[in-house]
Amino acid sequence: MTGMIRRRLLGVVLAAGACTPFDESPTTSTGEDGGSADAGADASSLPSPRDAGESRDAGDGGTGAGSPCAGKHVVCEDFDGEWSGWQTVTHSSSPLNADTTRFVSPPRSLSVEVNAKVNENHPSFLSRPFPAAQRFSLSADVRAELTGAPDSEVDLLGLELAPPTGIPTEIRRYYVAIIARSDGNFHLEVKIEAPVQPVDMSVELAPIPADFTRISLDLDLAAGTIVGAAGPVQQARPVTTASSMSGTLVVGAAWAANSRGTYAINVDNVVLD
């Protein structure tokens, strides 16, 4: 599947407290083998082992050394306690779990293993809404292994923005993300659907390392700029200006269509300001 087709499919559907970044039902998507992508489950039902008595809403403060969640953020999740406030989309071929062996802030991270599936998007990810603003700073520690998966890519961290209800605008969709691609690099992706000056942009950032690295997006709708970063490498680009927008944060494997090979992804210490 080409990148252009991928980006046409990648519309996040908001419905009944659930979201799924492909143009299918927001509740289930059945694959050729009968497997399904179940949207809308609360993330607290996922395997999230924790110490007896430990319970922490996302953003209430970190439990592990190096966690950024002791401070105040719009969203902060270190995956070290109960994952409150998140919705899930999971596919039978792409398990979503807590990983107690690979993390940046102990004792765990989010883990997604995406196995091959022919001619089908098979995402597994967490999502949650965020309030309207004009500036967004999103970052996370990620580890991505794309093994035996040629000509493929996976969306690791993204923002799907929408104008407030009742506000006139020509922008139909505003999506920004950091993806991992089988060329061995992280890329900044920007997709803006509008009748005048639509944007469909991919910018190479940096090689994907063997271990965790910090990736980030800094979007300023008032100034019309976006900065994508992977480790120390940054790329800035102009984008369409817009008024304040709210939307949905997606984390994990928000789009995946590897017909061969596997993706092994870990995400830790997600921060949105």
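# Questions on a predicted fold

Q: Between which strands is the loop that holds Pro-107?
A: Strands (E, at least two residues) and helices (H or I, at least four) are DSSP runs, numbered from the N terminus. By that numbering, the loop with Pro-107 lies between β6 (96–99) and β7.

Q: What kind of model is this?
A: Residues are numbered from 1 along each chain as its sequence is written, and side-chain values use heavy atoms, with hydrogens and water left out. Local features need pLDDT of at least 70, side-chain atom pairs count only at pLDDT 80 or more, and totals for chains, interfaces and linings use all residues, as this model is predicted.

Q: Which residue does a cis peptide bond join to Pro-107?
A: The bond is cis, with omega about 15°. The partner of Pro-107 is Pro-106.

Q: How many strands does the chain have?
A: The chain contains one helix. Its strands number 18.

Q: What share of the chain is buried?
A: Buried means under 20% relative accessible area, exposed over 50%, and partly exposed in between (1.4 Å probe, protein chains only). The chain has 273 residues. The buried share is 52%.

Q: Which residues have the most contacts inside the largest nonpolar core?
A: A nonpolar core is a set of buried Ala, Val, Leu, Ile, Met, Phe, Trp, Tyr and Cys residues joined through side-chain atoms within 4.5 Å. The largest one has 54 residues. A second, separate core of seven residues includes Phe-125 and Tyr-175. In the largest core, the residues with the most contacts are Tyr-174 and Leu-249.

Q: What share of contacts between residues at least 6 apart in sequence joins residues at least 24 apart?
A: Contact means heavy atoms within 4.5 Å. Tyr-174, for example, is in contact with residues including Leu-159, Leu-219 and Met-245. Over the chain, the share asked for is 67%.

Q: How far apart in space are Lys-117 and Thr-262, C-alpha to C-alpha?
A: Lys-117 lies in the loop between β7 (109–115) and β8 (124–133). It counts as buried because its relative accessibility is 9%. Lys-117 and Thr-262 are 145 residues apart in sequence. In space the C-alpha distance is 9.5 Å.

Q: Is Phe-79 buried or exposed?
A: Phe-79 is found in the loop between β4 (75–77) and β5 (87–91). Its phi is near 60°, a positive value in a residue other than glycine. The relative accessible area is 0%, so Phe-79 is buried.

Q: Which cysteines form a disulfide?
A: A disulfide is a pair of cysteine sulfur atoms within 2.5 Å. Here the sulfur atoms are 2.1 Å apart. The link is left-handed, with -85° about the S-S bond. The pair is Cys-69 and Cys-76.

Q: Which residue forms a salt bridge with Asp-141?
A: A salt bridge is a side-chain nitrogen of Lys or Arg within 4 Å of a carboxyl oxygen of Asp or Glu. The closest N and O atoms of this pair are 3.0 Å apart. Asp-141 lies in β9 (135–147) and its partner in β14 (213–220), so the bridge ties together parts 73 residues apart in sequence. That partner is Arg-214.

Definitions and conventions
Lists of a residue's contacts leave out its neighbours within four places in sequence.
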